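Subject: Structure handover and notes

Hello,

Here is the structure for your files. My notes follow below it.

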Amino acid sequence: MSAAQFTSLTASGLSLSRGPRQLIADLSFSLAAGSAMLMRGANGCGKTSLLRVLAGLASADRGNVECQGRTLRPFAPEWRRNVIYAGHSDAIKHDFSAAENLAVLLAFDGVEVAPAAFDQALEKVQLHDRRHLPAHKLSQGQKRRIGLARLLLSQKPLWLLDEPTNALDAEGVELFADIVHQHLQQGGMACIATHLPLELGATVQQLNLGSRS
């Protein structure tokens, strides 16, 4: 399944639980190229669990996820080639520099970029003059901006992002929204767990997940 063929994502009858507690029951939705879904809900309502299922990193109790009519198999390598999953932690190695951390993230994604594009991404997220600083000397917001540079350089059609604006200031949130907007304009898709209203300038679905005891 190539990125060029990745134009739709459909979930049918998904049910997820954590231990004895059901988080999501019989959830269905469809996402087309050029659109995004914003996932909202209280802590513990299942946003992260759902993102992990969509990323192929976990299995649903029931239901399935399909792309182009093909059912997602959890942990399938062909799915991984088309998806970026960013958890709510920044996934930063604190002894590595900003540039080294970005390089590690891109290697993990299997993305190769020219040095000029790499530098331009760091410039865009305002880290170019801090590129050689170890991450433990960066602020939390600056560490989060390394992830924004990763998105700028991404070549994958589906972005699954868990609270990506944590620790970002207003300017950083606006930059994030611009990056996602550009991705959608290019035919990409995004599922974003967030507590913030985001102006993405594109077709956006709202998915409200309710907490269950």
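Buried means under 20% relative accessible area and exposed over 50%, with partly exposed in between (1.4 Å probe, protein chains only). Helices (H or I, at least four residues) and strands (E, at least two) are DSSP runs, numbered from the N terminus. This is a predicted model, in which local features need pLDDT of at least 70 and side-chain atom pairs count only at pLDDT 80 or more, while totals for chains, interfaces and linings use all residues. Residues are numbered from 1 along each chain as its sequence is written, and side-chain values use heavy atoms, with hydrogens and water left out.

Helix α4

In α4 (residues 115-124), the buried residues are Phe118, Ala121 and Leu122. They sit on the same side of the helix, because they cover an arc of only 95 degrees around the axis (the arc is that of the directions from the helix axis to the C-beta atoms). Gln120 and Glu123 are exposed, on the face turned away from the buried side of α4. The cover over the buried residues of α4 includes α3 (98-109) and α5 (140-152). After α4 comes glutamine 126, with a positive phi near 65 degrees.

Helix α1

In α1 (residues 47-54), six of the eight residues are buried: Lys47, Ser49, Leu50, Leu51, Val53 and Leu54. Glycine 56 follows α1 and has a positive phi, near 80 degrees.

Largest pocket

A pocket here is an open set of points on a 1 Å grid over the protein atoms alone, where a 1.4 Å probe fits, with protein on both sides within 12 Å along at least five of seven lines; lining residues have an atom within 4 Å of a point. The largest pocket holds about 330 Å³ of space, the volume being that filled by probe spheres set on the points. It is lined by 20 residues, and Tyr85, Ala86, Gly87, Ala91 and Arg150 are the closest to its centre. β6 (83-86), α3 and α5 each give two or more residues to this lining, and α5 gives the most, six residues.

Whole protein

The protein has six helices and nine strands. Its radius of gyration is 17 Å, close to the 17 Å that the globule rule gives for 213 residues, so it is as compact as a globular protein of that length. That radius is taken over C-alpha atoms, and the rule is 2.2 Å times the number of residues to the power 0.38. Of the 213 residues, 47% are buried.

Regards

Methods. Contact means heavy atoms within 4.5 Å.
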